[in-house]
Every structure is written in structure tokens, then in C-alpha cells.
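Please study the sequence and the structure before reading each solution.

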Amino acid sequence: MMKASPTIVWFRQDLRLDDHPALQAAMKRGGGSGGGGSVIPVFIWAPEEEGSWPPGEASKVWLHGSLRSLDADLRKIGSRLIIQRGPTLATLRSLIKKTNADALLWSRRYEPSAIARDADIKKSLKDHGIEAESFNAGLLFEPFEIRTKEDKPYLVFTPFWKASLKRAERAEPGEPLPRPALGKLKAPEAWPPSLSVDDLQLMPTIEWAGGIQEAWTPGERGATIQLDRLIENVLGEYDESRNRPDQAGTSRLSPHLHFGELSPRRIWHAVHEHVGKLKSKTHAGPERFMAEIGWREFAHHLLFHFPHTPEEPLRPQFAAFPWEDNPGALLAWQRGRTGYPLVDAGLRELWHTGWMHNRVRMVVSSFLVKHLLLPWQEGAKWFWDTLVDADLANNTLGWQWIAGCGADAAPYFRIFNPVTQGEKFDPQGNYVRKWVPELARLPDSLIHRPWEAPMLALREAGVELGSEGDGSYPLPIVDHADARKRALAALEATKAR
DNA sequence: TGAAATGTTGGGGCG
DNA sequence: ACGCCCCAACATTTC
């Protein structure tokens, strides 16, 4: 009997074994009734193929951990991860030649540069008689599946999500596929050469990633633990708690989702199974959480249909917006030294842990765009480099939403007041105290507005305001009321054109 | 998934 | 008892 040729499974942002359609398809290939042929799991590091958006520093730290985790999980079932460096097409060709593989399977990505690159690879391999097929592993619904009655992409979230849920009534997202059991992933005759994860040099040379490693467990196991925590402890109060940066009320699944360590179908079914067991008729928490998953779907829908939006505003009139060029203000924002405690806490949380609470993301983003009048693209770049969950679709939607220039965006005149937001969502100031420790001893009533504190209160709290000294805290770099007026005037200037 | 400005209402103090 | 004013509380509109 002819020995079946191996199948290569090309891993990218699908670093898991659970619910992995390409992996399952590979296992079924190549064999008759007696089972499949061998499977070669491959990861190729080719950041130069990611256009203007190669993985940022925080993403690389995460990837390092996630690749290690995937390799270890594969080894537990008798396989392993082959790691190579790009360029991708040449690397794949050489792998195919060395291993005599006859097929390449992968999970789809939706970034413009990835779509173009993957299409080239598919065509090139097919021209050489190699089977090449992609699968949906990253979304509940493909961006091209959900369309308006006029057969157009959606531009507003609510009808988009309603249409998605309606589609789910007809055809629920498929039941998640099982993990391959021990021995089911057949090893090839000989493994091709592989680099180690360390060889990719994803970790920073300067030691700054400790905070990320303390806060997170990259990999499928870490993702599963977070999903369990979500279902057991978070979902019930999610509708209110998700807005509280001083509480652990969010899912913290974003980096796991970005790297595909957790399947959205797995989430869908876990949440629905949980809701089925509930006695109460209102499911505000689970519904709100699924709507957040919906925003992620919407972001991918928009990126797929409007691939220029990572760089350019979706609403063209915003191309003429009179943004400022102010490197000093940008630096103060990046460093968390704007003088607004909630803003600074958020940016410091980001720097230390590679993540920021979503409510605070809205506040700091609004501050950059509206109080400082700096282009949203500058904020998007900073988030891209510092977030462990940096995701081109989500990041683009978030920034265009807050800047008012995107689909279904917040109107430009919606300007967050960082003091009000702080007092509303961090009422005891615990979030600020954690990340801006120099203000920790101020009373609750002053912690979001230290510049209003009387001299005596400052002295008692050991707070030194304004000076550049060690342990001092800056005065506001812009006055809120002035900045608000200035932002509204800038918008008028854009409209007048 | 805002905030500020402006408008309205109604209770209480007071002459 | 009555009208007037003040202003907090809430509603509406505007940015």
C-alpha cells in the first residue's frame, strides 16, 4: 500500500488544539479506512510580511509563551511544532519538498496583508499540484457571510449583530471540534528541521516583560482557565461589573482570542450551555458579553470590507481634521503623565501588564484624540506596540470609534470627562491608587482631581504636585473645559470645509 | 459605550 | 393663606 503523504498544518493566529478545523481535516486526510496520514504542525515567523503592522513588542512576548505552550501540548499527544523563519512561501515550498507533503491547511486571517499573502501562497501551491485549503477558526461568522438586504456590508453594529444572531438561529455556529487524542496526530517518517522558540528572539533584550508574565498565562490552558472563570464568576454580574476597572469584572479573554488559543465557537457554546442552566429569565450578563464578542465579529467584518481603515478614517471628511503635531504631549500620554489620574492609571496599567481595562481604553483614547487633538493613528500605533491583545481589526475599530471617524462611531462631540468617568467607574479610587501610587493617600473625594486638593490635604497625603521631582505628580497638561471647547471648535473647522 | 447647557418643576422659606 | 423667590432635582437640547 502506498504510504500517505504528510499534510502540513500552518499555524498562525490559531495556536490551539481544541476546535481546530484545519488540524481535524489534516488528520482525516491521506488514509483510507485505516486512518489518516501524518500531520506536520508548522509555525513560520515572518513579521516582514505583515505590512505596516508587524507584531509589536508586547505581542511578541505573548507569542513566545503561546508557541511554547502549543509545542508542549502537541508533544503531549505525540507530535510537535516545527518552527521556521520566513519568507513564508519559500519556507513552505522547501518544507513540502523535504517532507513530501501534498497538502497545506490553515485557518483564515482577515488582515489585508495576510489576505494578499495567503492568496498568493494558495495559488502558487495549487499551480504546483499541492492541495491548499483554508478554514474558519477565528470567527463565529465569516465577514462575507453577513450582509444587508441590499447585499452590502453592515456599517452599524446593532443591525449587524441582530443579523448575525438571526443567522445563528437558522444555523448555529458549528459544535466545537474535539482536541486530538494521544497518538491521533501521526508523526511523519522524519521531522523536518526546526528552530526553537527561543531562536525567534521574541523576548525583549531589556528586562521589561515581567509585568506581562505576572499578569498572564499565554497558551490554550491559560485561555481555558479564563473561560471557566468567566462562566463561573464573571458572567452573572457582567452587565454592570464590566465597566469597573477597580474590579475583575471583564473576561480578560482578548489576548487568548487574538492568538486563537480559544475558539469563539467554544465560547458561544459554553455561554449558551450556561444560560440554559439558569433559572432566571433575564440574561443581561451573558447577552452583554456575547455582544462584546459581536463587536469583535463586527470589527473583522469592517476590516475585511474596508481594508484601508487601519491607516485612513472610514468617513473621508475626517481626512481634513486639523490634528496637532505635539511630540511632548504624546510622550506625556504614553508615559502616563497627563495629570489626569484615571488616564495615567490606564496608560501605566498598559505599560506594566500589556493590557488595559476597556472602559479606561475609551477614556485614554478620547483624551488623546480630543483633549490633545493628536491623530488617532498615533494612539493606535502605541496600543499596537504595547497591548498583548493587539489585533488589527479590534484596534482599528476602537480608535475610529472613539475618534468619531469610523462606522457606527461615537459622535465627535461625545467627549469623555476623565474626572467624571473616574468618579463614576472607580468611585473609591482603588484603580488609580494601584497604578498611580504617588496619589494613593489622597482621600476618595480628591483622588480623581488632585489639582483641587488644598495644600494641607496634599501635604498629609505626601503628594507633590507639578514639579519634575521623583515621586511628584504632574498638574493637568490641558484644562478639561478649554480642551473640550478646542476639540469642538476643531470639529467645526472640519465641517466648514 | 457622554457631558454641559438650558429648560422645567416642585417643595420650602419667607414676607 | 398666599405669592414670590430660590434652588435642587430632573428632563431636554445641544455640542
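A nonpolar core is a set of buried Ala, Val, Leu, Ile, Met, Phe, Trp, Tyr and Cys residues joined through C-beta atoms within 7 Å. A residue counts as buried if 20 or more other C-beta atoms lie within 10 Å of its own, as exposed if 12 or fewer do, and as partly exposed in between, with C-beta atoms placed from the backbone. The model is predicted, and local features need pLDDT of at least 70, side-chain atom pairs count only at pLDDT 80 or more, and totals for chains, interfaces and linings use all residues. Residues are numbered from 1 along each chain as its sequence is written, while chains are lettered from A and ligands numbered from 1 in the order in which they are written.

**Exercise 1. Identify the residues that touch the most other members of the largest nonpolar core.**

Step 1. The largest nonpolar core holds 108 residues, and I8, V9, V42 and L104 touch the most other members.

Step 2. Two residues are in contact if their C-beta atoms, placed from the backbone, lie within 7 Å. When residues up to four places away in sequence are not counted, L104 touches I8, W10, L92, L125, I130 and A132.

Step 3. A second, separate core has 13 residues, among them Y238, L257, V271 and M290.

**Exercise 2. Describe the overall build of chain A from its helices and strands.**

Step 1. Helices (H or I, at least four residues) and strands (E, at least two) are DSSP runs, numbered from the N terminus. By this count, chain A has 20 helices and five strands.

Step 2. The radius of gyration is taken over C-alpha atoms, and the globule rule is 2.2 Å times the number of residues to the power 0.38. For chain A the radius of gyration is 24 Å, close to the 23 Å that the rule gives for 497 residues, so chain A is as compact as a globular protein of that length.

Step 3. Along the principal axes, the C-alpha atoms of chain A fill a box of roughly 90 × 50 × 50 Å.

Step 4. Buried residues make up 46% of the 497 residues in chain A. Of the contacts in chain A between residues at least 6 apart in sequence, 76% join residues at least 24 apart.

**Exercise 3. Determine how domain 2 and domain 3 meet.**

Step 1. Domain bounds come from an automatic or database domain assignment. This assignment divides chain A into domain 1 (7–137), domain 2 (138–175 + 219–305) and domain 3 (316–496).

Step 2. The centres of domain 2 and domain 3, taken over C-alpha atoms, are separated by 28 Å. Their contact takes 16 residues from domain 2 and 19 residues from domain 3.

Step 3. On the side of domain 2 that touches domain 3, the elements giving two or more residues are α9 (254–258) and α11 (284–305). The most comes from α11, with five residues.

Step 4. Ala, Val, Leu, Ile, Met, Phe, Trp, Tyr, Cys and Pro count as nonpolar, Asp, Glu, Lys and Arg as charged, and the others, Gly among them, as polar. The residues on this side of domain 2 divide into eight nonpolar, five polar and three charged.

**Exercise 4. List the residues around DNA strand B and classify them.**

Step 1. A residue is near a strand if its C-beta atom, placed from the backbone, lies within 6 Å of it. The residues around DNA strand B are F157, W295, M362, A410, F413, R414, I415, F416, N417, T420 and Q421.

Step 2. This surface divides into seven nonpolar residues, three polar and one charged.

**Exercise 5. Examine the backbone at P87, R252 and D408.**

Step 1. G86 and P87 are joined by a cis peptide bond with omega about 10°. P87 lies in the loop between β3 (82–85) and α3 (88–99).

Step 2. R252 is not a glycine, yet it has a positive phi of about 55°. Its place is in the loop between α8 (238–241) and α9, and R252 is partly exposed, with 19 other C-beta atoms within 10 Å.

Step 3. D408, also a residue other than glycine, has a positive phi near 50°. D408 is placed in the loop between α16 (392–403) and α17 (418–425). With 18 other C-beta atoms within 10 Å, D408 is partly exposed.

**Exercise 6. Decide whether W268 is buried or partly exposed, and find its contacts.**

Step 1. W268 lies in helix α10 (residues 264–277). It has 19 C-beta neighbours inside 10 Å, so W268 counts as partly exposed.

Step 2. Leaving aside neighbours within four places in sequence, W268 is in contact with L140 and P173. The C-alpha atoms of W268 and L140, 128 residues apart along the chain, are separated by 8.1 Å.
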